[in-house]
Amino acid sequence: MMSSSGLKILTASILVGNAVAQEICKQTASLLGSMMGGGDKEDVGGVILPLSSSEVDRSFTGGRAVIYFIFLIWTFLGVGIVADRFMMAIEVITSAEKEIETKRGQKIKVRVWNATIANLSLMALGSSAPEILLAVIEIISNDFHSGSLGPSTIVGSAAFNLLVIIAICVTAIPNGETRKIAELGVYKTTAFFSVFAYIWLIIILVLITPDKVDIWEALVTFLMFPILLGLAYAADRGMFSKSSSKVQPDQHIISINGREFMAFECAEYLKNLNANSSELEASELLAQQMLSKVKPSRAQHRINAIRAMTGSKKVGRPDTKKANARSIKVLSDEESPLKKEIAMVESAHVVEELYFVSTEYAVIENEGKVTVEVMRSSDDGQVSVSFFTRDGTATSGKDFKDTRGVITFAEGQLTQTISVKIIDDEEVEEDENFYIHLDPENIIATRTNPYKVRKDGDVTCVKIIDDDEPGNIGFQNAEVTFSETGRFAELTLVRESGCIGEIACTVSTAPGDAIEGTDYEPIPEDQTKVIFCHQQLQAHVRIPLLNTQSFNKQCCFTANLTDIVGIRAEFIKDKTTCKIMICADDKMKNIIDNVTRIVAEDMDQFQVGHETWPEQFKNAVVMEDEDDGSILGTFLHFLSLPWKVLFAFIPPTSYCGGWLCFCISLFFIGVVSALIGDLAGIFGCLLPLNPAVTAITFVALGTSLPDTFASKAAALADDTADSSVGNVTGSNSVNVFLGLGLPWTIAAIYWEMEGANDDWVERYGDLYNYPKGFIVPSAGLWQSVLVFTACALQCLGVLYYRRVTYGAELGGPPGPAKWAAAYFIFLWFVYVFLSALGSYEVI
């Protein structure tokens, strides 16, 4: 719902717009009058241009009608261009992000505006602003009396949107393709209200209080707007159905114009593409794959529709063909930075490594010796390395034999072993340890590349376990980390201070911020008991992990040891609990971080609303490159140039988060809408046409033309029909709730406070039995609404039939699609014809 401060800004903008537009229109009328010469005069009376008998000449009516018609078309261009600026502000506002912290402590950025709320509020306002402001201006400028132009334009625009635009979208889909509504819950809500809104008009204007709107009726009309938003939001969140989206915000790796990409999508794409791709190659290719799926927003579709009509530079996603070509070039061009980086890595001077396979070994005292394994990173050539032992808690000569020597790896040999003698005794003692070292200063290699001892593999610890006690058991590590892409978390249990006999214990899990059944599964019942056999020093337990396909996952749970069984066996102090961390895969995270960077760099230049003030004036004057050779493009550019330059004075969207541009653009829309109302009224008078007929035809068509191109572009570019069809039903609902609910509320309150003054008595005193109130003559209007309602129900019925029969609302077999479109167009002509008869009181 609009706040009180927002309402004040809106009203102030309209009042100032009235004054400015009135002066503009007076000067225009004077100019046109002087152009056409004298003759008989007649008082016409526009919406905000009250032309007197000295200003309108009824002679040369045909020529004057042509002049006014040309100016009317020109103002349609103007309102479309300023709506372009308005939609840019809305795009910036609704794209605002905030940082939130998930239940798992992750900080992520999400959109402030819910997509459904944005589409039905600001986006719908931007799409229907001319019609809505025309109705508001007409009320205020007509001394709070109802006029026929505003309401008729709203109904006529709704008819054109639903019947003509959807007819075009049905046939615009290429052969063999379809577009189906995906968000069915939201569509059902907006479709219901798009019909009920107009039925409600008949209820209040014909049944409850004929030809009069009470305050409560106007308020209910206006308040249906937030009710619509609430119900649509509930449908979007799956509150009316058992199924809802299982994808959480922290699972998205990046969001571009509403298209969200997830880690598992990236992984699957890379697996299918090339299993041997390096991280750099994978990042570049995946970025291009993501860019190829970017969908322009509803605002971008409408902005591009206007700019196509005026020869201006379009906005939106990068050229997919160029992006793919760049990707191929990056991977094939020897001069590309990616190829150079790969070549540098491949040609770098390689240093091979030597290291112990394990940094810890255990041996039972009575085994006599311990054997440890050493490995090297390449099996090329021959290499030798020295080793030596060092005392720990175990003493050489008493617990083990001091050993020094050299091990040699032959050509093709990757591993070598070192053996150390263990000395057994009869004493009962604690476990002891000693160390074996590789000497980094004594390496001899018979090949070009040098060798070194790996820093974290140059020493191994050997634990000597006393064999005279059953021992104690516990977890080897108090905290371990596993990737969620692994199938299991494998925990190691160790036995210390003895190994005689059999002992056992029970392992159980306890959730932390990792949830059982979501992030991991319980240990199978037959595996919860861990048994150490005689002289067994280690055991393992595996906990199944679940891949939630999360990008920044970081959560934990614990494993606990209980119920030890065995004579004199105990748990190792402080090792009965193990904290298990689950995190995202590091390699995938690196790839996706690179993808995010690449895509962000490519998308920056295609974002809406990043122009500076000088750039606005430059783009207003300079044509788009692809239109330089087009005669039509050049003509449209220069025809709309005055409007472009005028509206370049609107502040850029970078100020105040887009809100300053929003308010100033709304003011200019009010000015141009007022001019449209005047010119349409005068044009209809000169033909002559009833103002209602002018509204449902010329004005409705002119204000809806940008939406026609935008919806067609959305139908072709998107893989669903939500933007093209859903926007129509949403806008038609908002038109009534805002376009009529707001001005009618203002007027109803005004007349309730003002009472029946002389002007009111003169207008309505002899026609109605009401003592006072806001009068809205329903003659002509209710017929138009009734016909539209009947046509709308048929249109929605056909769309449902197409979904059931052909699997989608748009596209499908060419024959049925053309028949459906033809039927919709036929319904529109029926609507115009019957509504015109109603306005002339023929029916």
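Ile500 is partly exposed, with a relative accessible area of 36%; here buried means under 20% relative accessible area, exposed means over 50%, and partly exposed lies in between, as judged with a 1.4 Å probe and protein chains only. The model is predicted, so local features need pLDDT of at least 70 and side-chain atom pairs count only at pLDDT 80 or more, while totals for chains, interfaces and linings use all residues. Residues are numbered from 1 along each chain as its sequence is written, and side-chain values use heavy atoms, with hydrogens and water left out.

Ile500 is found in the loop between E18 and strand E19 (503-511). Helices (H or I, at least four residues) and strands (E, at least two) are DSSP runs, numbered from the N terminus. Although Ile500 and Ala569 are 69 residues apart along the chain, their C-alpha atoms are separated by 10.0 Å.

Attention now turns to the salt bridges. The structure contains ten of them, each being a side-chain nitrogen of Lys or Arg within 4 Å of a carboxyl oxygen of Asp or Glu. One joins Glu496 to Lys463, with an N to O distance of 3.2 Å. Because Glu496 belongs to strand E18 (residues 488-498) and Lys463 to strand E15 (residues 459-465), this pair ties together parts that are 33 residues apart in sequence. Glu496 counts as buried at 17% relative accessibility, and Lys463 counts as buried at 18%. Lys463 and Glu496 are also linked with Lys575 in a network of salt bridges.

A further salt bridge is formed by Glu752 and Lys772, whose closest N and O atoms are 3.3 Å apart. Glu752 sits in helix H18 and Lys772 in the loop between helix H19 (758-764) and strand E25 (774-775), so the pair ties together parts that are 20 residues apart in sequence. Here both partners are partly exposed: Glu752 has 40% relative accessibility and Lys772 has 31%. In the salt bridge between Asp214 and Lys212, the closest N and O atoms are 2.2 Å apart, and both residues are buried.

What forms the nonpolar patch on the surface? Val206, Leu207, Ile208, Trp216, Trp782 and Leu786 make it up, with about 560 Å² of accessible area together. Helix H5 (184-208) and helix H20 (781-806) are the elements that give two or more residues to the patch, and H5 has the largest share, with three residues. Leu786 lies in helix H20 and is partly exposed, at 43% relative accessible area. Patches are made of residues with over 30% relative accessible area and no salt bridge; like charges are joined within 9 Å, and nonpolar side chains (Val, Leu, Ile, Met, Phe, Trp, Tyr) within 5 Å. Accessible areas come from the Shrake-Rupley method with a 1.4 Å probe, and for residues only the protein chains shown count as cover.

Finally, there are two cavities of 30 Å³ or more. On a 1 Å grid over the protein atoms alone, a cavity is a set of points where a 1.4 Å probe fits but cannot get out, and lining residues have an atom within 4 Å of a point. The largest cavity holds about 40 Å³ of space; grid points are joined across faces, edges and corners, and a volume is the space filled by probe spheres set on the points. Its lining includes Ala135, Glu138, Gly150 and Trp744. Helix H3 (115-141), helix H4 (149-172) and helix H18 (741-754) each supply at least two lining residues, and H3 gives the most, with three.

Methods. On a 1 Å grid over the protein atoms alone, a cavity is a set of points where a 1.4 Å probe fits but cannot get out, and a pocket is an open set with protein on both sides within 12 Å along at least five of seven lines; lining residues have an atom within 4 Å of a point.
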